[in-house]
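Me: Hi! Could you walk me through this one while I have it open on my screen?

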Amino acid sequence: MDFNVAFTAAHEALPYMLGGVVWTAGLIVGAMLLGLALGVPLAVLQVYGPRSVRRMVATYVWLFRGIPILVQLYIFYFGLLAWLSGLPGLTGIGLDSPFVAAVMVLGLTSSAYQSQIFRGAIQSLPAGQLKAGRALGMTDGQVIRTVVLPQALRLSIPAWSNEYSILLKDSALAFTIGVVEIMGRMRAIASTTHEPVSMSFVAGIIFFVLTWVGVKGLSILENKVRIAGYTRQGAV
Amino acid sequence: MSQHSENTPILEARNLIKVLGGNRVLDSVNLDIGRGRVKVLIGPSGAGKSTLLQCLNFLTPPDSGHILLEGREVNAGSKKELCSFRQQVGMIFQDFNLFDHLSALENVRVALMKVRGMSKLDATERAVAELKRVGLVDRAAHYPANLSGGQKQRVAIARALAMDPKVMLLDEPTSALDPELIGEVLTVIRALAQGGMTMIMATHQISFSASLADEFIFMEKGRIVEHGSPAELLGKGVGSRTQAFCAKISELTGEADGEFRS
Ligand SMILES: Nc1ncnc2c1ncn2[C@@H]1O[C@H](COP(=O)(O)OP(=O)(O)OP(=O)(O)O)[C@@H](O)[C@H]1O
Ligand SMILES: [Mg+2]
């Protein structure tokens, strides 16, 4: 292998590959937010809901944890969303786009994992927090919103940042249904330049930088919202 | 206020029964307390004192029995009624249970805003006044993790007082404190009693509560086995169960004796 050729090829391909970052970022942000928006209520229902609801949430979690992302991408893109977008009233709103399918699959899967992160955090809080809120006359909803979640979400940030890095890597599967994110572009350019190895290196470096930026950002957030004197182990 | 006489108890419990883990933790407990009175619950560990206090505001719902506030039975099945009832009954816990993510001021203020619907400005003003009352206005911005145990308990008392409770339930408010921090909390409790607050308190602080209480209630195995004024139960040569118990724990805690001295 001629390193000069490889380097030049990588250098020339970089702008094109970086164009994929926008799509990857879109996938991640969309999926993390969808996962958060669903994961929080799922966790609350799994802790405080009636037995039947708790069982439904558990089933949901098992489903999305149990089915590989790749399989889900095919089911959603070629099956569910293709069918939905053919229904009257649902045509032309982009339901058949690969990007939408990928955000949904990654987001729903992430919601299953995130719900377990939040559930663990909620259950790690001392029972006295809930009692104190109730004793003041708060409804359970008020206690959950003003006492339980603000604490549980803070505790969840480290695990959430782990979830981010996993999701980032899972997002590389979205190319299989045609999302032109980093991986998709890497494959396209590798086949025209015949430099698959150097292109893989470029993609790898981009993913690594994205992971680092996200994890770093979340750890800054964690410090920002830290409660004075309070650590995961309790008071210092 | 006017629809019932001066003699209507503020809080009344009738025939409370609670079974936990197959044990009758509360076995037909009856209790009532009049305005401005102080009743002290004593008894060995596991007697059911905490369970009784938590049944009184339905944190632990009793299996059967009735709770009456100012002569009116509380219908705990109605969420609205339950929340309004709990606002009128302040509770102090052994381990404080301050909200860990909120400063002292926010701890006192949060229920005023969320439950009472007060504006932030009014709630802050009230919270500052309550912190002043327990001598902690200079700690308003501190988080629980940066307060001493005694300070935490005083913030918890301020938080309960801010809701204008008609009666306060205190579950061993000083048991989790280092000995040198007990005094500051007892001082606040004494001031409350002298200010006319109605209180039911579980405690092992015998001589302190003897100087404060209108009545001692001695519990054992889920039952009230003796009750009466401290003088009746602890006077010289009375020979009550209460006296024997108090003598024993006073020995352990180093109080001079279990006898009542005023
Ligand atoms: N959740 C529970 N499940 C089973 N048993 C329980 C439960 N909670 C309390 N108990 C039992 O109920 C009894 C009364 O407990 P409680 O905490 O009310 O006693 P206490 O008088 O407050 O004791 P202490 O002085 O140690 O605080 C004890 O025997 C305890 O083991
Ligand atoms: Mg107790």
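**Around the ligand**

Reply: Happy to. Helix H1 (residues 49-56) of chain B gives the most to the shell around ligand 1, with three residues. Keep in mind that this is a predicted model.

Me: Which residues surround ligand 1?

Reply: The shell consists of Leu20(B), Gly21(B), Val25(B), Pro44(B), Ser45(B), Gly46(B), Ala47(B), Gly48(B), Lys49(B), Ser50(B), Thr51(B) and Glu172(B).

Me: How does the shell around ligand 1 split by class?

Reply: Six of its residues are polar, four are nonpolar and two are charged.

Me: And what lies 2.8 Å from an oxygen atom of ligand 1?

Reply: That is a polar side-chain atom of Lys49(B). A polar backbone atom of Gly48(B) is 2.9 Å from an oxygen atom of the ligand, and a side-chain N or O atom of Glu172(B) is 3.2 Å from a ligand oxygen. Taken alone, ligand 1 exposes 640 Å², and the protein buries 59% of that.

Me: Let's stay with Glu172(B). Where does Glu172(B) lie?

Reply: Glu172(B) is in the loop between strand E7 (167-171) and helix H6 (179-194) of chain B. Its phi is near 40°, a positive value in a residue other than glycine. Most residues other than glycine have a negative phi.

Me: Since you mention H3 of chain B, how many of its residues are buried?

Reply: Eight of the 11 residues in helix H3 (residues 104-114) of chain B are buried, so this helix is mostly covered. The buried ones are Ala104(B), Leu105(B), Asn107(B), Val108(B), Arg109(B), Val110(B), Ala111(B) and Leu112(B).

Me: What covers the buried residues of H3(B)?

Reply: The cover includes H6 of chain A, along with helix H4 (120-133) and helix H5 (149-161) of chain B.

Me: New topic, the nonpolar core. Which residues touch the most other members of the largest one?

Reply: Those are Leu11(B), Leu56(B), Ile157(B), Met168(B) and Ile189(B), in a core of 155 residues. Helix H1 (residues 3-48) of chain A supplies the largest share of this core, 14 residues.

Me: What is Ile189(B) in contact with, beyond its neighbours within four places in sequence?

Reply: Leaving those neighbours aside, Ile189(B) is in contact with Ile157(B), Leu170(B), Pro173(B), Met199(B), Met201(B), Phe208(B) and Leu212(B).

Me: Over to chain A, then. How many helices and strands are there in chain A?

Reply: Chain A has eight helices and two strands, in the order α-α-α-α-α-α-α-α-β-β along the sequence. Its C-alpha trace spans about 70 × 50 × 25 Å along the principal axes.

Me: What share of chain A is buried?

Reply: Of its 236 residues, 44% are buried. The accessible surface of chain A comes to about 11,900 Å², and 69% of that belongs to carbon and sulfur atoms. Among contacts in chain A with a separation of 6 or more, 79% are between residues 24 or more positions apart.

Me: Why does Leu130(A) count as buried?

Reply: Leu130(A) counts as buried because its relative accessible area is 18%, and buried means under 20%.

Technical notes: Residues are numbered from 1 along each chain as its sequence is written. Chains are lettered from A and ligands numbered from 1 in the order in which they are written. This is a predicted model: local features need pLDDT of at least 70, side-chain atom pairs count only at pLDDT 80 or more; totals for chains, interfaces and linings use all residues. Side-chain values use heavy atoms; hydrogens and water are left out. A residue is near a molecule or strand if one of its heavy atoms lies within 4 Å of it. A polar contact is a pair of N or O atoms within 3.5 Å; within protein, one must be able to donate a hydrogen and the other to accept it, and residues adjacent in sequence count only if both atoms are side-chain atoms. Accessible areas come from the Shrake-Rupley method with a 1.4 Å probe; for residues, only the protein chains shown count as cover. Helices (H or I, at least four residues) and strands (E, at least two) are DSSP runs, numbered from the N terminus. Ala, Val, Leu, Ile, Met, Phe, Trp, Tyr, Cys and Pro count as nonpolar, Asp, Glu, Lys and Arg as charged, and the others, Gly among them, as polar. A nonpolar core is a set of buried Ala, Val, Leu, Ile, Met, Phe, Trp, Tyr and Cys residues joined through side-chain atoms within 4.5 Å. Buried means under 20% relative accessible area, exposed over 50%, partly exposed in between (1.4 Å probe, protein chains only). Contact means heavy atoms within 4.5 Å.
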